[in-house]
Amino acid sequence: MVVPTLEHYFRPIVLGAQTAATAAGVRLIVAVSEYFYSREVVQAQEMVEAGVNGLLLSPSWSISGPIDTEMEQILALDVPAVLVERRLPAGVHEARMDRVGIAHTEGAASAVRHLARLGHQRIAFLSRNTHTFPYIRSGYLAATSALGIADDSLSPRERHLLGDFETFDHEADRLLELRKSKGVQAALVHTDMDAVSLLQQLFVHGVRVPDDFAIVCYGDDYARTTDVPLTAVASPRRALGEAAVQLLLRRLEHPHARRWGLELMPDLQVRGSCGGRTPGKDTDYHGFIGDDCPLATQHLTNT
């Protein structure tokens, strides 16, 4: 398994993979690249030369995906591989390569629909520039379009820097302006750490959450740490790691079977920041799939 880091987002994914590997009686070897793609290529090649049977890969490609050379390097690996929270561009021949990830588009859409059901017709979108940003944005746009409400996205489609802190801070300032000029009173914010910062910024400007403004954050690592617990879209990352191992074992047992694209549905944890429930109490909104759900009941795409 080659991952960019063992911290934050990837930690539960690796722990889930270790759990599934142990249960299956196989050895999981983990390499960490610190987000250097060239290092990941070397690590993967060295593992193949050392005799591993398969690979779980989360390459540090750009937000827009791999360039042609990077695709060729991944596809040239001489063992079965599963992409974890990454995907090749549409239409690329993914020989022996399965894929597993979180259904971020569905997760973002569920957040928008929840806010709309609470009566919000102007819902802003702010996002840090991450690998999940394009899919969260897609879900936001799909939901606002389907519901016939305004597109109040503050995050530009084309962004160049991973993280992009200065742009995000500027978008937060614009949100306060939109609240006054256009009556925007709700927002979907990625990441949850940024949602925590936004909550503080609103407080400084005398804006009360949820009385004056509603927040749903995408991510659930820090959402419960605030005085007003934040409603959050939570990704089942531990289950993602388990599913990745299961897919790879399936490929090793059935090398000529159809390739699978597997997406796990996020959970919408409704708390106090949008006025939907009493602060501090969680609910698994809409009964979305949780970490204890077996692989067979997840959202599957056979390719």
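How far is the sulfur of Cys 274 from the closest cysteine sulfur, and in which residue does that sulfur lie?

**Entry 1: Cysteines**

I note at the outset that the model is predicted. I looked up the sulfur of Cys 274 and found the closest cysteine sulfur 9.8 Å away, in Cys 217, which is too far for a bond. A disulfide would need the two sulfur atoms within 2.5 Å. I then searched the whole structure and recorded zero disulfides. I also checked how accessible the two cysteines are. Cys 217 has 0% relative accessibility and counts as buried. Cys 274 is buried as well, with a relative accessible area of 6%.

**Entry 2: The nonpolar cores**

In soluble globular proteins, nonpolar side chains tend to be buried together. In this structure I found that the largest nonpolar core has 24 residues. Leu 175, Leu 202, Phe 213, Ile 215 and Leu 230 have the most contacts inside this core. I listed the elements that give two or more residues to the core: strands S6 (123–127), S8 (186–190) and S9 (214–218), together with helices H6 (165–181) and H7 (192–204). Helix H7 provides the largest share, five residues. Apart from this core I found another, of 22 residues, including Phe 10, Ile 13, Leu 56 and Leu 248.

I then followed Ile 215 separately. Leaving aside neighbours within four places in sequence, Ile 215 is in contact with several residues, among them Ala 187, Val 189, Leu 198, Leu 202 and Leu 230. Cys 274 is also one of the contacts of Ile 215.

**Entry 3: Leu 28**

Where does Leu 28 lie? I located Leu 28 in the loop between helix H1 (10–24) and strand S2 (31–32). Its relative accessibility is 24%, and Leu 28 therefore counts as partly exposed. Not counting residues up to four places away in sequence, Leu 28 touches Met 1, Val 14, Ala 17, Gln 18, Ala 21 and Leu 56. For Leu 28 and Leu 56, which are 28 residues apart along the chain, I noted a C-alpha separation of 9.7 Å.

**Entry 4: Helix H3**

Which residues of helix H3 (residues 68–75) are buried? I recorded Glu 70, Met 71 and Ile 74 as buried. Viewed down the axis of H3, these buried residues fall within an arc of 100°, so they line one face of the helix. An α-helix has 3.6 residues a turn, so residues three or four places apart point the same way. On the other side of H3, I found Asp 68 and Glu 72 exposed. The buried residues of H3 pack against helix H2 (37–50), strand S3 (55–57) and strand S5 (97–102).

**Entry 5: Salt bridges**

How many salt bridges does the structure hold? I recorded nine. In one of them, Asp 98 pairs with Arg 251, and the closest N and O atoms are 3.0 Å apart. Asp 98 lies in strand S5 and Arg 251 in helix H8 (residues 237–253), so the pair ties together parts that are 153 residues apart in sequence. Both Asp 98 and Arg 251 are buried.

I next examined Arg 237, which forms a salt bridge with Asp 221, with the closest N and O atoms 2.7 Å apart. Arg 237 is in helix H8 and Asp 221 in the loop between S9 and strand S10 (231–234), 16 residues apart. Arg 237 counts as buried at 12% relative accessibility, whereas Asp 221 is partly exposed at 34%. Finally, I noted that Arg 87, Arg 99 and Glu 263 are linked in a network of salt bridges.

Conventions:
Residues numbered from 1 in each chain as written. Predicted model: local features only at pLDDT ≥ 70, side-chain atom pairs only at ≥ 80, totals over all residues. Heavy atoms only, no water. Buried < 20%, exposed > 50% of the residue type's maximum accessible area, 1.4 Å probe, protein only. Helix = DSSP H or I, 4+ residues; strand = E, 2+ residues; numbered from the N terminus. Arc of directions from axis to C-beta. Contact = heavy atoms within 4.5 Å. Core = buried A, V, L, I, M, F, W, Y, C linked by side-chain atoms within 4.5 Å. Salt bridge = Lys/Arg side-chain N within 4 Å of Asp/Glu carboxyl O.
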